[in-house]
Amino acid sequence: MKLAVIVTSNMIKEQKLPRDRGFHMALGQHLFEKEYYRYFEYLSAHGCHIIVDNGAAEKDEEPVPFKDIVAMARRLDAEEIVMPDRLHDAQWTIEATLASLQLVDPKNRMVVPQGRTIDEWKACFMAFRNELEFRSIGIPKVCEDFGGGRPALVKWLRNNLHYPCEIHFLGVHKKPVTEVYEAALCGARSIDTAAPVAYAPR
């Protein structure tokens, strides 16, 4: 399993540029900052797998139009772009994702089902499965509150996919180490988290 460590914009100058070709999550709303963009431009040029987030989980920040985030992701030649979603809101997420299909090629789409309950989440995913093509599925960290957590959803997804699809865990909820371990154990392709940066001594 791949671990994508999220580096926030105020920490870019403190980071040593990675030498591996691993996974990296870019926060879309920060790609308009010069130093932040250059950091991911370097990673992309050295063959790293870049996922560009849509900023939905960053509640305290000014939202950026999705089309603008997509434009920056294209400049970076990002492998994946997280399609529009709103925490817990299945209907908004379905409508916003369907309205944005022309902006993102199917091979770059990561869809993010949402819902207040596990049944709403599953219905949201089924709407995606029946209406569009995508490369990967992002399972939000809030799904850890559902019975069985995200590993249970991975098992359900495996039985409800039309074709093989990559599964990514978006963030960690309350127990970073446990959730990373469980992601690997259940067969998720990757997980992202800012925990290693947040917990690092200053």
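**Cysteines and charged pairs in a predicted model**

Biologist: How far is the sulfur of Cys 124 from the closest cysteine sulfur?

Modeller: A disulfide requires two cysteine sulfur atoms within 2.5 Å. The closest cysteine sulfur to that of Cys 124 belongs to Cys 143 and lies 9.8 Å away, which is too far for a bond. Cys 143 is accordingly in no disulfide, its nearest cysteine sulfur being that of Cys 124.

Biologist: Is Cys 124 buried or exposed, and is Cys 143 buried or exposed?

Modeller: Cys 124 is buried, at a relative accessible area of 1%. Cys 143 is likewise buried, with a value of 1%.

Biologist: How many salt bridges does the count give?

Modeller: Side chains of opposite charge can pair when their charged atoms come close. In this structure the count comes to 11 salt bridges. One of them joins Glu 144 to Arg 150, with the closest N and O atoms 2.7 Å apart. Glu 144 counts as buried at 18% relative accessibility, and Arg 150 counts as buried at 0%.

Biologist: What is the N to O distance between the side chains of Glu 120 and Arg 116?

Modeller: These side chains meet in a salt bridge at 2.7 Å. Glu 120 is partly exposed at 23% relative accessibility, whereas Arg 116 is exposed at 62%. Another salt bridge pairs Arg 86 with Asp 89, the closest N and O atoms being 3.8 Å apart. Arg 86 is partly exposed at 40%, and Asp 89 is partly exposed at 26%.

Key:
Residues numbered from 1 in each chain as written. Predicted model: local features only at pLDDT ≥ 70, side-chain atom pairs only at ≥ 80, totals over all residues. Heavy atoms only, no water. Buried < 20%, exposed > 50% of the residue type's maximum accessible area, 1.4 Å probe, protein only. Salt bridge = Lys/Arg side-chain N within 4 Å of Asp/Glu carboxyl O.
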